[in-house]
Amino acid sequence: MHHYDVIVLGSGNAGLCAALSAREQGARVALLERAPHEHRGGNSAHTGGAFRVAYQGVDDLRQLMPDLLDSEIENSDFGSYTQDDFFGELATLSQYRSDPEVLDTVVSQSLPTLHWMTGKGVRFMPIYGRQAFKVEGKYRFWGGLTIEVSGGGLGLVEALLRRTEQDGVELHYGCRAQGLARDESGKWMIRCADGRRFLTKAVVIATGGFHANLAWRAKYLGPGWDLAKVRGTRYNTGDGIRMALESGAVAHGNWSGCHAVFYDVNAPEHGDINRLNQQKNYFHLGVVVNSDGKRFIDEGLDFRNYTYSGMGAKVMQQPGGVAWQIFDQHSHDLLPDEYRVRQATRIQADTLEELAAKLEGVNANALLETLREYNTAVNQGVLFNPAVRDGRSTQGLAMPKSNWANPLDRPPYVAYAVTCGITFTFGGLKVNNHAQVIDEEDQPIPGLYAAGELVGNLYYVKYAGGAGLTSGSVLGRIAGAEAARLQI
């Protein structure tokens with residue numbers, strides 16, 4: 001039996017922040033990770049590393065990016081993203097179902113938590129490559145995102161893991177926790193699949209959702225979801241959620257909802273750390289059609305990082321579960337690296353007729369009619385500006401495009417074949433703003449905390465890009481500190 005003050009389950013961003021926070025309080029801490037050493041880092045390692053943070057202006061951002069150059073400030077419009085902006089957008093996207101106290105904690109603690117992370121070795125930088133366009137000589141950030149971690153998600157977890165090792169957190173890999181129970185003294189005993197046993201006064205569960213569990217996806221998300229590709233780690237199968245529920249926790253949140261994106265049709269079935277950037281999230285700069293040759297979404301409804309997490313569900317509803325994103329030279333040069341990876345399913349042609357003929361399984365005649373109608377409907381009297389909601393829309397179409405509408409008339413034309421890639425599930429456990437897990441009687445379960453994607457308080461229906469890593473860091477830091485201070 002191994003004895004610790006605090007045990008953290010999961011080596012993603014939330015778990016690592018929890019472990020570092022508990023260790024900072026002087027606790028003896030162990031981190032148990034189901035995956036082998038080479039696949040550590042959870043879903044966080046598969047992300048782009050964007051963080052959504054509330055700030056008043058560039059002086060706040062300089063806390064997070066002390067090496068930000070004067071020339072970068074001069075050539076960039078960072079604007080502001082206030083706590084009211086952050087709170088209001090997440091509340092609206094959740095259709096006001098988010099827990100206001102927990103959401104307020106995430107928002108108000110976002111800047112101080114990220115500043116704390118810089119002291120743990122995390123390096124932030126402006127997110128020029130994915131969230132800024134140069135307009136009138138200045139980079140202008142859009143969609144509420146301005147910063148990312150150097151090295152992306154993998155750089156994030158590598159920085160935090162280095163610090164956990166330096167600080168003396170004991171890491172146990174290949175240690176799949178399968179049983180969780182309290183003994184008569186009030187301590188928690190954890191049983192791992194390989195027979196290892198651990199005893200502790202406090203547990204922080206940060207094992208992610210159930211996006212990699214085929215049976216749970218079909219059961220809770222609905223028919224067909226067992227066929228989706230897994231964008232992130234294969235190890236998030238709901239173990240932590242199951243153990244908490246068996247220990248008296250209440251199920252909470254949007255169990256039938258998830259974050260799922262347009263994903264390359266030939267991407268691996270599970271996320272591969274050596275083949276990242278398989279998502280295709282800049283559909284708002286082009287048009288998207290199904291195999292019937294029809295558009296099925298308003299591509300320009302809003303900035304892509306407010307709509308992208310629902311695109312996986314939309315494409316799942318199309319014939320064969322596939323679609324094609326089509327661009328011309330109005331916007332193709334604006335597409336980021338995820339469209340330029342070697343494995344991208346990319347088709348190019350010099351005419352729309354040639355492109356339609358090359359799209360396997362697509363009704364070519366219907367597609368050409370769709371594109372002709374779309375091109376005619378674009379209101380070219382409004383200037384195209386990808387850095388704002390420009391109102392450059394279509395007129396008279398049953399399925400409009402509300403912003404960033406350009407006619408497809410500048411060859412060559414390029415299409416990308418996409419399907420559904422699931423990132424994480426929304427349902428999970430209920431926590432309070434101290435990251436304590438709540439039971440069926442709406443009371444905290446002593447010594448049990450949670451952080452990360454299994455927290456069910458925040459995301460309903462839609463998700464704002466960068467919110468997941470931020471909430472994981474904030475609640476992870478709180479959970480670790482609270483767990484370390486627990487007295488039994």
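**Close-ups of a predicted model**

View 1. Three strands come together here as an open sheet, running in the order β3-β8-β5 with antiparallel pairing. The edges belong to β3 (50–51) and β5 (124–126); each has a single partner strand, so one side of each is left without a neighbour in the sheet. As with every view here, keep in mind that this is a predicted model.

**View 2. Zooming in on the β5 and β8 pairing.** Strand β8 covers residues 147–149, and its antiparallel pairing with β5 runs over three bridges. To find your way around, look for proline 126: its bridge partner in β8 is isoleucine 147.

**View 3. Where two helices cross.** Helix α6 (residues 110–118) meets helix α15 (residues 467–485) here, with axes that come within 9 Å and cross at roughly 80°. Angles of 65 to 115 degrees count as roughly perpendicular, so that is the word for how α6 sits relative to α15. On the α6 side, the contact is made by Ser110, Pro112, Thr113, Trp116 and Met117. From α15 come Thr470, Ser473, Val474 and Arg477. What classes of residue make up the contact of α6 with α15? Sorted by class, there are four nonpolar, four polar and one charged residues.

**View 4. Helix α10 and what it packs against.** Helix α10 takes in residues 239–246, and its buried residues are Asp239, Gly240, Ile241, Met243 and Ala244. Which elements do the buried residues of α10 pack against? The strands are β1 (2–9), β10 (177–182), β12 (197–205) and β20 (428–429), and helix α9 (214–221) joins them. Follow the chain just past α10 and you reach glycine 248, which takes a positive phi of about 110°.

**View 5. Stepping back to the whole chain.** Along the principal axes, the C-alpha trace spans about 75 × 50 × 40 Å. Buried residues account for 59% of the 488 in the chain. Of the contacts with a separation of 6 or more, 74% are between residues 24 or more positions apart.

Note on methods
Residues are numbered from 1 along each chain as its sequence is written. This is a predicted model: local features need pLDDT of at least 70, side-chain atom pairs count only at pLDDT 80 or more; totals for chains, interfaces and linings use all residues. Side-chain values use heavy atoms; hydrogens and water are left out. Axes are lines fitted to C-alpha atoms, for helices over the stretch in contact, and angles run from 0 to 180 degrees between N-to-C directions. Helices (H or I, at least four residues) and strands (E, at least two) are DSSP runs, numbered from the N terminus. Angles under 35 degrees count as roughly parallel, over 145 as roughly antiparallel, 65 to 115 as roughly perpendicular and the rest as oblique. Contact means heavy atoms within 4.5 Å. Ala, Val, Leu, Ile, Met, Phe, Trp, Tyr, Cys and Pro count as nonpolar, Asp, Glu, Lys and Arg as charged, and the others, Gly among them, as polar. Two strands pair if DSSP finds at least two bridges between them. Buried means under 20% relative accessible area, exposed over 50%, partly exposed in between (1.4 Å probe, protein chains only).
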